[in-house]
Amino acid sequence: MKASARLLLSPAVRPFTIMVGTIAALGLIDRGTGYFFSVGTIFSVMQLFATLGLVALGLGLSMLVREFDLSVAGMMSLAGCIAVLTGGTSPWLGAGLGVGAGVLSGLLQGLIITRLGLSSVGVTLGGLLTLQGLTYVLAGNQTVSYPNMAVALGLNAPIAHLLSVRSAAALAVFMVAALVMTFTHIGRDIIATGSDRRASRIAGLNTDRIVIGVFAASGAASALAGVLLSYSLGAASPAGLSDVLAPAAAAAIVGGVSVVGGRGNALGIAAGVLTLCILRSGLSAIGVPPFVHDLVTGGILLVIAVLDAPDLARHMTAWRFSRAERLAHIFSKESRDGAAT
Amino acid sequence: MSELAVPGRRSRRLLGARQLGLTIRVAAIAAIAVFALSTPGFLSPLSINALLTAISFVGCVAVGMTFITLTGNIMSLALGATLSASALVFLASLSFGMVPAFLIAALFGTVITAAQGFLVGYFRANPILVSIAALSLLLGGAAFATGGHRIYPGGAGIEFFKARIAGVPVNAIIFFATVIVGQFVMSWTRIGRLMTMVGSNPRAAIAAGIDITATITIAYAIAGACAAIGGMLLAARYGSADMELGAGYDYSAIAAVLVGGTGISGGSGSAWRTFIGVIVIAVLEVVLLLRGFSEQLQYLITGLIVLGVIMLHALGERRQG
């Protein structure tokens with residue numbers, strides 16, 4: 001019993017435990033009315049997944065190597081704008097340019113961070129502001145609309161009632177990331193770089209190249225999220241995407257990515273994103289007011305924050321000891337009193 | 001004890017790099033000053049007043065953020081939401097009078113943020129993760145309490161914040177006071193020294209017997225109080241508030257902290273530097289506006305300059321050691 005609980009809460013399995021727990025809890029609340037367990041809910045979960053998932057994947061990758069890519073929101077809006085502006089006649093060209101811009105900005109940030117030895121929070125904060133500024137300039141400080149509505153409809157057209165082209169694309173990216181990280185040395189190198197960068201470097205790993213690559217991948221993933229979102233909305237706006245960072249970080253962390261680096265994988269991130277998306281669409285399908293979603297997400301994150309805290313175990317042991325000591329004290333006092341009378 | 005807490009950057013060998021860094025900083029500030037003063041209309045009372053008012057909101061949050069960065073906890077993504085929530089509390093409790101409302105809202109921001117600091121200090125929980133959790137809880141809690149509606153003042157009293165004393169907006173006076181108090185705490189009190197020490201080397205701080213839980217909790221408490229003050233100023237200015245009020249303030253605040261030269265890795269920094277950072281960014285924006293740059297170019301140029309300044313500071317810091 002205890003062993004199985006430990007397995008379910010172990011870092012590699014925990015994201016899936018939380019996801020299944022969420023589905024079970026929502027199913028219980030739903031009590032078979034069928035609002036939650038419906039094809040419509042699955043479709044809307046996957047639509048949310050398409051946007052949040054790719055950003056969480058990018059941010060999660062940067063967290064795996066113990067960096068933090070604050071610029072994902074900027075990448076997203078910039079790529080969306082570029083795609084909408086250039087992809088009027090050929091959506092593939094627009095998407096290519098958008099994702100290319102994401103890769104390029106990621107490469108640049110990775111180069112600055114590794115070559116100059118700077119902290120990623122500072123550099124990507126500057127990057128975020130710069131990318132947002134660039135988006136404002138490209139879009140001329142207004143919402144730009146995408147003339148090719150066929151693309152928008154096509155991207156959101158359902159496949160087998162469960163997926164859309166957009167969410168299928170996001171899933172495919174996750175599959176590729178999971179395969180690459182499991183079956184090539186890149187995944188191992190990323191984990192090694194995140195666990196102990198100095199040791200990895202001494203062992204002969206080119207950690208700079210890994211970090212630069214991770215930032216490029218993060219740029220590409222968030223750019224793709226922006227391209228898909230802007231195409232399917234038929235518009236891109238320089239403002240309004242900036243609140244994607246916190247949910248994406250939350251999803252990556254629920255998905256088992258450790259904030260101190262070196263732990264996590266693509267499938268876990270997918271489970272983390274799905275958990276948040278299931279919570280959001282599930283709760284609204286059941287008819288619970290939206291604020292419950294925020295409260296539940298916040299509660300889950302708080303529990304994870306404390307569970308993953310390095311000093312929790314130390315305090316637990318200390319509590320146990322002090323309780324044992326108190327008990328021993330009481331017992332010895334009782335026995336003394338008993339002896340006296 | 002107080003000798004221990006002085007950041008160890010006094011060795012003579014490093015004086016050269018230190019002076020170089022200082023020279024670059026002074027030159028950069030001088031360049032911005034010349035650029036600003038040569039801009040027609042910059043010194044007009046109208047533009048100065050707009051500047052003073054604009055810096056006071058983000059400035060209060062930035063001074064608060066400095067305490068979090070100083071203690072080695074990078075940044076909080078929840079200060080913007082704390083600002084909004086405190087503004088809601090302030091406006092709703094104005095029916096008790098201005099001073100009680102001010103105290104209630106300040107206490108609210110302090111307690112909410114100190115609780116995060118306790119988790120970070122006691123369990124060594126990850127500060128960014130805790131702040132994201134707090135952000136979610138604040139958004140959810142506020143939506144529950146307000147039903148998603150805007151909040152309007154429950155009583156009179158916000159006129160006080162719109163007034164001027166000797167020609168200076170009350171907003172700006174409160175911001176200046178926040179900077180002075182913040183700087184006083186950081187450099188003249190025992191707890192301020194402890195914050196620097198905990199930020200520069202938490203392990204050494206624990207070994208030295210410092211109560212890092214209390215130190216970090218107090219740093220967060222001050223950050224929350226500062227965000228709450230910013231929220232009250234903003235609520236008074238707009239006469240109403242919702243949770244969108246503070247959106248984006250986390251990023252502006254940490255940008256000001258970094259532009260001021262506080263190191264992201266903790267253990268160095270001051271409210272005074274953050275004050276400079278806030279002024280530099282605000283002056284840039286005003287000058288770009290006055291020189292007729294389009295709004296989109298203002299965003300881009302500000303972003304590039306912030307990136308450049310952060311890189312310069314980080315390089316200088318790395319050279320020092």
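Two residues are taken to be in contact if their C-beta atoms, placed from the backbone, lie within 7 Å. On this basis, in the predicted model, A:Ala50, A:Thr51, A:Leu54, A:Val55, A:Leu57, A:Gly58, A:Leu59, A:Leu61 and A:Ser62 of helix α3(A) meet residues of α11(A) that include A:Val214, A:Phe215, A:Ala217, A:Ser218 and A:Ala221.

The contact between the chains takes 45 residues from chain A and 44 residues from chain B. On the side of chain A that touches chain B, at least two residues each are supplied by α5 (91-116), α6 (120-139), α12 (245-254), α14 (290-307) and α15 (312-340) of chain A, and the largest share, 14 residues, comes from α6(A). The residues on this side of chain A divide into 27 nonpolar, 14 polar and four charged.

Chain B contains 14 helices and two strands. Its radius of gyration is 20 Å, close to the 20 Å that the globule rule gives for 321 residues, so chain B is as compact as a globular protein of that length. Along the principal axes, the C-alpha atoms of chain B fill a box of roughly 60 × 55 × 35 Å. Of the 321 residues of chain B, 54% count as buried, and among the contacts in this chain with a separation of 6 or more, 79% are accounted for by residues 24 or more positions apart.

How values were computed:
Residues numbered from 1 in each chain as written. Chains lettered and ligands numbered in written order. Predicted model: local features only at pLDDT ≥ 70, side-chain atom pairs only at ≥ 80, totals over all residues. Helix = DSSP H or I, 4+ residues; strand = E, 2+ residues; numbered from the N terminus. Rg over C-alpha atoms; globule rule 2.2 N^0.38 Å. Buried ≥ 20, exposed ≤ 12 C-beta atoms within 10 Å, placed from the backbone. Nonpolar A, V, L, I, M, F, W, Y, C, P; charged D, E, K, R; others polar.
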